[in-house]
Amino acid sequence: MEEQTIQRLEQKANRLRALVVKMIGPEKTGHLGGACSLAEILSVLYFGFMRHDPENPQWPQRNRLILSKGHAGILQYAALAECGYFPQQWCRGLKQLGSPLQGHPDKNKVPGIEANTGSLGQGVSLAAGVAAGLKLDFPERPPRVYAITGDGELAEGQIWEALLSAAVYRLDNLRVVVDQNGLQATGPTKERFPIPHLEEKFRAFGFAVFTVDGHNVREILEALQKAEEVRGKPVAIVAQTVKGKGISFAENQPSFHNGAMTREQYETALRELEEKAGEAL
Amino acid sequence: MTHRTHNQRMEYGKTLVELGREDPRIVVLEADLGKSTQSCLFEKAFPERYFEMGIAEQNMLGFAGGLALAGKIPFVNTFAVFAAGRAYDQIRQSIGTAGLNVKIVGSSAGFSDFGDGATHQSLEDLALMSAIPGMTVLSPCDGPETVLAVREAARIQGPVYLRLSRNDVENVFPPEEKYTPGKPVVLREGTDLAVFTTGILASQALQAANEMEKQGVQVQVVHIPTLKPLEEEAVLPLARGKKGILICEEHSLRGGLGMLLCYLLRNLWVPKEVLAVEDRFGQSASSHEELLQAYGLDSRAMQEKLWKLWKG
């Protein structure tokens, strides 16, 4: 793997974070924490790994990304805007009346969004269904489907129903990526509602499992590459992350699950991120 | 009037196989009730396009949404009470908000699973499904109409809820009638009173109308094939000029055909009566007919109401 690629994807992740900060703006609430924990993962998928074409969002053989943790949709908007799926100026209207950029993603409003999510626990079922449909149409080399969940979200029972069905139908074109940032809305997942032995659970449900540092671009890329070699079973990638990553005052702070930045914090966040991204927005 | 009977779910199962032959995009999902819903016929014909999802309705509806996203036309099967109830949130959130092309078939609806009692009898499904923006809601009256409704469901682009009964019902849908969503079907002409029904109560209404005729009262019987779409202009001409209107449904009073028609006909100053289930769950019984009678939805109960309307 080229050092240049790694560096480009790291910088892109921080650029996405900076875009998220700008989209939310000062003194307004937004799901900053769970967006930032996912930045490297989306950076790698959209800019370094997935086969997709912003010029042709409906290309049948494209890879799909379904954000089951729909509250991080703001980061997906940043990525899609960066890819050129829609004009950057849309980002200024986030969550305003009539805006295509809703608080949670809507596929009929935003090119590049693959499914409507937001009611937690439903994205893996959708992704598994897409993966099964693609296997019918492209049995030789079915396009890959990435479902991204949070770790707090794993308390939803439907997730486990979906995992069972993915194994039954041997959906080896499905990858479930867990953004394990360890914080849910009201506190640490370990204290609020712990779900221990996650990797073992996935394995017992019939998945091939890889664990990565979710902020290490190289590790994410390697896991995605290894997933390509798995046959006959779906893949889970447990990404250990930090909620609010990249913004000093927001890291590991449950209050930034859906918190507001003061004007000062807003300036600080942008400064920190632009420095890391190596460019100003 | 013919006295031949058909079973809605049998007609459904056969039609699904025909559709599967005609269109490779048709796929079928089931939650371990394939023999009851008759989706088993499709499994036999097209095993590679049949998904047994286990007893897990929530995932089944989401998975179906995914298949629709991949360009398939999924028909999802389970009992009406589980489809509309257990998986309501998946239908609303994953399918409804995105307008996904999923066909939800609520089998054994109303009281038709008579033996299994309250947990298996579905008296709220029409209200729940009608409340979802963009959902088309079909409620055929007999076997032959079921064939047309299933084909229409496949043609419609977007989510559809199809309500089916478990037991044999008399054929009453006019053989020459074209199936048009939103268009009421007059099953019997009559100038004095009008009965509006949906689903399998049509044959009960026809019986009641025949009895009334013996007493010299002419009762029009109208079947409503689709609760959504249904517009004022479609029902108003059929209600105008009558001395009274009776609306009957095998469903809760709350959010069903009765309330809907009373709203659509709100500017028509004609006495209206509704026969529906009033704030009660179902229960076990030895036959479907017994329950219709016990809950006041059979032809005898209809006649009583019709007399009341006639005498003013």
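## Basis

This is a predicted model, in which local features need pLDDT of at least 70 and side-chain atom pairs count only at pLDDT 80 or more, while totals for chains, interfaces and linings use all residues. Residues are numbered from 1 along each chain as its sequence is written, chains are lettered from A in the order in which they are written, and side-chain values use heavy atoms, without hydrogens and water.

## Interface of chains A and B

Chain A gives 24 residues and chain B 26 residues to the contact (heavy atoms within 4.5 Å). About 1900 Å² is buried between the two chains, 56% of it on carbon and sulfur atoms; buried area is the accessible area (1.4 Å probe) that two parts lose on being put together, summed over both. Leu136(A), Glu161(A) and Tyr169(A) lose the most area in chain A, together 27% of what that side buries.

The rule finds one salt bridge across the interface (a side-chain nitrogen of Lys or Arg within 4 Å of a carboxyl oxygen of Asp or Glu). Lys72(B) forms a salt bridge with Asp137(A), with the closest N and O atoms 2.5 Å apart.

## Strand 7 of chain A

Strand 7 of chain A pairs in the parallel sense with strand 3 (residues 174–180) of chain A over six bridges; pairing requires at least two DSSP bridges. Strand 6 (residues 208–213) of chain A also runs parallel to strand 7 of chain A, joined by six bridges. Gln240(A) is the bridge partner of Gln180(A) and of Asp213(A).

Notes: Helices (H or I, at least four residues) and strands (E, at least two) are DSSP runs, numbered from the N terminus.
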